[in-house]
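Q: Could we go through this model together? I would like to begin with the sheet and then turn to the pocket.

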Amino acid sequence: MITPSHVQELVTFDGGEELVLSAYLNLTPDRQIRRTYRAAFADLVKQLEPQLDEPARAALEREAARVRAYLESEPPHSKGLALFSCTPRGFWQAIALPVVVAESVHLGRRPYVRPLLDVLDEYERYAVALVDKEKARLFTVYLGEIEEHDQVYDVVPGKHDQGGWSQANYQRHHEAHVYWHLKRVAAELSVLLRRRPFDRLVLAGPEEATSELQRLLPRSLRRRLVATFPAEVFASQREILERTLEIERGIEREAEERLVRELFETAAAGGPATHGVAATLEAIWLGCVHKLVVADELRLPGSECPECGRLAQDCPPTCPACGARPVPLADVVERAIERTVEEAGTVEIVHGVPASRLNAEGEGLGALLRFSRSAPDV
Ligand SMILES: [Zn+2]
């Protein structure tokens, strides 16, 4: 499973004189049956080849052979696959991705991590409590996959049992059991939160059960609650997964919209934010980026100064800051993303409407900064 520390490790790897092959492949079931992902990989390599000089072509051939050998020997068991290979430096990573990725092959001094970062920030860890008055099923959903945890089953005496007690007594007895059952579900959720920390919580079930459970949640869980939906306690895992992913997509899009709005509002007010390619690249150079915001399709050629690290959209013969000779980059945006992660900043890749706004008003690139660059010292 991929984690932020995993990405950190990839981002800090530098092949130096040696080139790293990065490949993203789609292993959806139709592809797996006919094994055509190997043909897809061969096509991508063939497309890349003519763009390379002779030494790079030799490196591509060497690393592609290694990837082919891996694909021959390893049966696929995930929807997507990310591979990173630099044989002369003994570097090899194969990361199974439980989601579909856009297929691509890259060759460069460093692993190409942008699609991986995009997968990571699109998905948060969700917990779902599916409850009724006597049963509960707990799930976690992460990266498009669902996992079911322990069931909580409490015997709740029926409302209408006959016996020596009055109807009112039975009613109270029944309600007390329901109360203790839901109380236990809340406790189980707290245990799950400690064992498998999750970002968001969803409650599902008949409305009377979910609303009662909601009241009984401790603050740590209530803070994470984002949605409630009606469902049968015997609902299939697939149904729970689909509803949860739908909620997740909505929340992620809203968060992207808020972020882009915050970026423009903060910058307009003279606060710690900037946008536009030149200004954002400068902020990265100065090491003051807290969160880099990138429109998903943005790719720009540019350069990086090997001495002072200055990033630019063009490739001047000498660095205006230090006079060294900048190294041309096929995509300066990718390097901007890597540099942000290296310096412990975070990256948010935005899509759809917020991406269009960022493109239109900020050239597709912006950043929330660690401090306001224009503010006077206080
Ligand atoms: Zn420089």
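A: Two strands count as paired if DSSP finds at least two bridges between them; strands (E, at least two residues) and helices (H or I, at least four) are DSSP runs numbered from the N terminus. The model is predicted, with local features requiring pLDDT of at least 70, side-chain atom pairs pLDDT 80 or more, and totals for chains, interfaces and linings using all residues. Residues are numbered from 1 along each chain as its sequence is written, and side-chain values use heavy atoms, without hydrogens and water.

Q: What is the strand order in the open sheet of 4 strands?
A: The order is β10-β16-β11-β15, and the pairing is mixed. β10 (273-275) and β15 (346-350) are the edge strands, each pairing on one side only.

Q: In which sense do β11 and β16 pair?
A: Strand β11 (residues 289-295) and strand β16 (residues 365-369) are antiparallel, over 5 bridges. There, V289 stands opposite L369 in β16.

Q: On to the largest pocket: how much space lies in it?
A: About 1,100 Å³, taken as the space filled by probe spheres set on grid points joined across faces, edges and corners. A pocket is an open set of points on a 1 Å grid over the protein atoms alone, where a 1.4 Å probe fits, with protein on both sides within 12 Å along at least five of seven lines; lining residues have an atom within 4 Å of a point.

Q: Which residues are closest to its centre?
A: Of the 38 lining residues, these are L107, G108, R109, A330 and D331.

Q: Which strand gives the most to the lining?
A: β4 does, with 5 residues.
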